[in-house]
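Here is a short note to read alongside the model. Please keep the structure open and find each spot as you go.

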Amino acid sequence: MNMQPVTFDGKRAGIVWHIDISARKNAKSQTAQARVEAERAKMAKSQFLASMSHDLCTPINAILGFSDIIYHQSFGSVGNSKYLEYAGNICESGELLLDMVNDVLDLSKIEAGKARINETELSIAETLKCSLRQVTPLAER
């Protein structure tokens, strides 16, 4: 409700008007509720990722370990060089997958405010070689 004082016929008077702001109040309430629900969902996602990190990384590490054993022929000769190439590709792909999983887990740590920065050296040449091996079959198809 708003009021504006005026003079009418030489006398003090006022103009009063009412504006229904129910829709605005409802929208504000809905926005606040949506914000609370989004925060709850974000926390649930972070908790899920934290609990799943072991479940995701364990099988990937098994793939990496076994493919590395085959690639280095730790228990004897494989016999076919193509199998060695495949074992190397499996190992590389597993490392990429593990890196992606770790990136997702790092994002959830960042969102939770629990991230730490770890600087490491990176070989651009090796990264490019690995990337080319990953995309070349798709590009050839």
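1. Let's start with the second largest pocket: H1 gives the most to its lining, with 6 residues. Helices here are DSSP runs of H or I with at least four residues, numbered from the N terminus. A pocket is an open set of points on a 1 Å grid over the protein atoms alone, where a 1.4 Å probe fits, with protein on both sides within 12 Å along at least five of seven lines; lining residues have an atom within 4 Å of a point.

2. A word on the source: this is a predicted model, where local features need pLDDT of at least 70, side-chain atom pairs count only at pLDDT 80 or more, and totals for chains, interfaces and linings use all residues. Residues are numbered from 1 along each chain as its sequence is written, and side-chain values use heavy atoms, leaving out hydrogens and water.

3. Among the residues lining the second largest pocket are Met43, Ser46, Leu105 and Lys109. Both H1 and H2 give two or more residues to this lining.

4. Now look at the largest pocket, whose lining includes Glu92, Asp99, Glu126 and Arg133. Helix H2 (81-111) and helix H3 (124-140) each supply at least two of its lining residues, and H2 gives the most, with 6 residues.

5. Finally, find serine 67 in helix H1 (residues 22-71). Is serine 67 buried or exposed? With a relative accessible area of 4%, serine 67 is buried (under 20% relative accessible area, using a 1.4 Å probe and protein chains only). Its side chain reaches the backbone oxygen of leucine 64 at 3.1 Å.

Terms used:
Buried < 20%, exposed > 50% of the residue type's maximum accessible area, 1.4 Å probe, protein only. Polar contact = N/O pair within 3.5 Å; in protein donor to acceptor, adjacent residues only side chain to side chain.
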